[in-house]
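I am opening these pages to record what I looked up, point by point, with the model on the screen beside me.

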Amino acid sequence: CLYCSMTPDEYCHNKTQQSGSSFYYSFLFLDKTQSQAMTALYAFCREVDDIVDECHEPMVAERKLQWWREEIGALFTGKPSHPVCLALQEALVHYPLEQRYFLELIDGMQMDLQKHSYANFDELSQYCYCAASTVGLLSIEIFGYQHESTREYARHLGIALQLINILRDVREDALRGRIYIPQDELQRFKLSKENIINGTDNEQSRALFALQAARARSYYEQAFEYLDAEDRYAQRTGIIMANIYSALLDKIINTNYSVLSQRVQLTKPRKLWIAWSSARREYKYHNKTT
């Protein structure tokens, strides 16, 4: 039994490490209690996301997501059983994490099972909120903040990061049967699901992806308009993640939106450099303003 050989925190750490996510680089600058909570939160994200990506029977995936809804209910009544929720139980001792955001995140995963395309950006933005903003809204409670506007920062930044993910993974997602580019925008640029699957790289596809990139950048910039200077240092972990994703977006733009022919990504040393330089910059800014 995999569960039996590890503590809940070890299980979560293992789950997080396996993902190879950029989140790892931002966690380097957390204190021990915050790191434990964020690792547990991210492990939860991986658990529910993996159901959608790896379970090929929709009915089985639905049942698994329902099990996680019940397990989150058990977490908030003090009786969880899964190692991830046992680790989250420790996080709840220290941070006011709201049950609804965990359930809304599961809603986002359920949308992945039930919807394979989105008619317009209004529909897509609801998915982005469930799949990503919820994680941001939980994360800011762990990092700490003074100003209510920081919640809007988390909501907008989550949408920005999800839009960048969608742009990076557009062909990979299409091969799995999912199109996250709004259908009305595909039609406007005279492109189809087949064009994306076939890797059709032309003037129309680049114009379409330029629109997606501009939208992501707009949400990114709006997010930072909501982040009060007083909360920047506490929120530096999120800022590190934002800067890594901003660099990824820059790279996508600099490759002339060649996301259909290659997976555009940053190297590990580049991510580490962005994390270190971002943390150093926020530290200097904090010292100058306090």
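Predicted model: local features only at pLDDT ≥ 70, side-chain atom pairs only at ≥ 80, totals over all residues.

I then listed the buried residues of α12, which are Ser205, Leu208, Phe209, Gln212, Ala213, Arg215, Ala216, Arg217, Tyr219, Tyr220, Ala223 and Phe224. An α-helix has 3.6 residues a turn, so residues three or four places apart point the same way.

I checked the length of the helix as well: α12 runs over residues 203-226, and its 24 residues should span 34 Å at 1.5 Å a residue, which agrees with the 35 Å between its end C-alpha atoms. At the N-terminal end of α12 I found a cap, asparagine 202, with a side-chain oxygen 3.1 Å from the backbone nitrogen of glutamine 204.

**Glutamate 185**

Is glutamate 185 buried or exposed? I looked it up in helix α10 (residues 183-188), and glutamate 185 counts as buried because its relative accessible area is 3%, where the cut-off is under 20%.

I next asked which side chains make polar contacts with the side chain of glutamate 185. One is that of glutamine 212, at 2.8 Å, and another is that of arginine 215, at 2.5 Å. Leaving out residues up to four places away in sequence, glutamate 185 touches Phe121, Leu208, Leu211, Gln212 and Arg215; of these, Leu208, Gln212 and Arg215 are among the buried residues of α12.

**The nonpolar core**

I turned to the largest nonpolar core, which has 96 residues, and noted that those with the most contacts inside it are Leu41, Phe44, Leu88, Leu124, Leu163 and Phe209. Its largest share, 13 residues, comes from helix α7 (residues 121-143). In soluble globular proteins, nonpolar side chains tend to be buried together.

**Serine 117**

My last entry concerns serine 117, in the loop between α6 (99-114) and α7, which counts as partly exposed because its relative accessibility is 31%. Serine 117 and isoleucine 179 are 62 residues apart in sequence, yet their C-alpha atoms are 5.0 Å apart in space. Not counting residues up to four places away in sequence, serine 117 touches Glu123, Ile179 and Gln183.

Notes
Residues numbered from 1 in each chain as written. Heavy atoms only, no water. Core = buried A, V, L, I, M, F, W, Y, C linked by side-chain atoms within 4.5 Å. Buried < 20%, exposed > 50% of the residue type's maximum accessible area, 1.4 Å probe, protein only. Helix = DSSP H or I, 4+ residues; strand = E, 2+ residues; numbered from the N terminus. Polar contact = N/O pair within 3.5 Å; in protein donor to acceptor, adjacent residues only side chain to side chain. Contact = heavy atoms within 4.5 Å. Expected span 1.5 Å × (residues − 1).
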